[in-house]
Amino acid sequence: MKISNKEATRYWNPVLERLPQEKLRALQVKKFKKILSWAFERSKFHRRLYQEAGLEPGDIKTYKDVAKVPKVEKSMMRDIQRKEPFPYGDALCVPLEEVTEFHQTSGTTGVPVYQADSWQDWEWWAEAWATILYAQGYRRKDRVFIPFGYNIFVAFWAGHYAAEKLGCEVIPGGVLDTEARILKMKELKASAMMATPTYVLGMADTARKKLGIEPAGDLNIKKITCAGEPGASIPSTKRRMEEAWGAKVYDHVGATEIGAWGFECLEQPGGLHVNEALFMVQLEDLTTGELIEDSGRRGKIVITALDRMAQPCIRFDSKDVAEWADFFCGCGRTFRIIKGGVIGRTDDITKIKGVLVAPSAIEEVVRSINGLGNEYEVVVSKKGDLDDITLKIELLPGQEGNRQQILRQLQDQLRLKTNLGYHIEVHTINSLPRYDVKAKRFKDLRKVG
Ligand SMILES: [Zn+2]
């Protein structure tokens with residue numbers, strides 16, 4: 001492939017990011033076969049899993065064959081950990097002394113899973129993140145502030161290394177509190193940052209209330225990379241963040257057990273590119289499990305990290321739900337797009353009064369209405385035999401006179417976007433729970449007990 005100088009500066013990897021779809025598919029199958037054999041030979045866990053299914057690596061020859069390979073679920077990873085070698089268990093494919101990185105999942109859905117990476121894997125993490133950051137316009141001149149509590153969670157660790165790899169200057173905003181982070185960001189004129197949407201909005205609030213700093217005017221942040229929550233792909237939440245900071249906000253998706261697999265580019269096309277050079281993402285029908293290749297149908301994301309070697313991620317059942325877009329992006333990347341980002345998790349997308357609802361749809365409505373604060377809470381419960389949804393919102397100061405009009409607009413939009421009626425509870429500003437990093441705003445009490 002011939003690549004002009006101009007193209008070479010648009011993409012982190014101009015060859016892989018513009019590879020025609022059929023070549024990408026062939027590359028994925030080739031890499032999949034390699035990682036499958038690697039795990040079969042070295043990991044007791046994987047060999048047992050495949051043998052029980054009557055499968056040998058040689059049985060996989062085409063893209064469709066991949067669906068024959070058993071999926072791995074998070075609960076299985078927890079069982080593995082009770083086995084040798086300590087503390088990772090028998091899915092490990094390298095000797096313990098080759099492990100250089102320990103991380104663990106947040107444990108929000110149960111016991112945390114430990115994840116081992118070798119130095120080669122860590123460089124792979126940084127490469128995956130470098131693709132993301134470069135696509136979002138990070139360059140050598142950027143001074144990147146990372147307001148993240150550097151600890152056992154992988155979160156923005158690899159983003160840090162990738163920004164360095166790109167030649168950016170990186171400021172680790174580790175144990176500083178929010179006010180100190182904002183002041184440091186201001187002093188150093190940082191041009192970019194990475195954080196969860198909840199924290200991006202919370203920081204803007206703190207800047208205004210505690211420091212009298214208006215992020216959009218007084219700070220120099222021009223781009224923000226989000227992770228950890230779907231907010232940066234929810235249009236109204238994205239708009240609130242962009243307005244508060246006077247910056248472009250880009251989404252990215254990843255997970256400890258998987259890697260950083262999807263990203264929004266400068267074009268903000270209304271979805272996320274899947275990095276198909278490093279990952280194989282397959283969507284499976286939520287009920288039949290059938291492979292979905294066309295647009296317009298939601299499916300569960302089953303994902304393979306094609307080059308992650310120490311503790312492989314092969315056909316991991318992410319429980320995330322997405323759908324393929326029916327368009328390719330104007331940026332020229334050939335990587336497919338999941339429309340509107342990750343829609344939600346199979347655990348969260350729930351039937352209420354017989355209607356399927358993703359919590360992200362409720363967030364989109366609440367934050368699209370002027371006069372309402374950023375915080376909200378949804379409580380689903382049973383009243384007798386019937387489902388009941390209460391939506392708690394905060395009215396912004398000075399909006400009391402518009403209360404009726406705002407509530408009518410909210411009910412109308414909720415009905416339109418989610419097909420449901422809600423009990424609305426109006427709270428004063430700052431009275432609903434605040435979250436530092438990841439929020440828990442959707443509570444389904446029907447599931448308790
Ligand atoms: Zn693009």
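This is a predicted model: local features need pLDDT of at least 70, side-chain atom pairs count only at pLDDT 80 or more; totals for chains, interfaces and linings use all residues.
Residues are numbered from 1 along each chain as its sequence is written.

Me: What makes up domain 1 and domain 2 of the chain?
Reply: Domain 1 covers 1–345 and domain 2 covers 350–447; these bounds come from an automatic or database domain assignment. Their C-alpha centres lie 29 Å apart.

Me: How many residues does the contact take from domain 1 and from domain 2?
Reply: Two residues are in contact if their C-beta atoms, placed from the backbone, lie within 7 Å. On that basis, 15 residues of domain 1 and 14 residues of domain 2 take part. Helix 8 (197–211) and helix 10 (235–245) each supply at least two residues of the domain 1 side; helices are DSSP runs of H or I with at least four residues, strands are E runs of at least two, and both are numbered from the N terminus.

Me: Which residues of helix 7 are buried?
Reply: Within helix 7 (residues 178–187), they are Arg181, Ile182 and Met185. Each is called buried because 20 or more other C-beta atoms, placed from the backbone, lie within 10 Å of its own. The face turned away carries Ala180 and Glu187, which are exposed (12 or fewer such atoms; partly exposed lies in between).

Me: Why are the buried residues of helix 7 said to line one face?
Reply: Seen down the helix axis, they fall within an arc of 95°, so they line one face of helix 7. The arc is that of the directions from the axis to the C-beta atoms. Their cover includes strand 3 (143–146) and helix 8.
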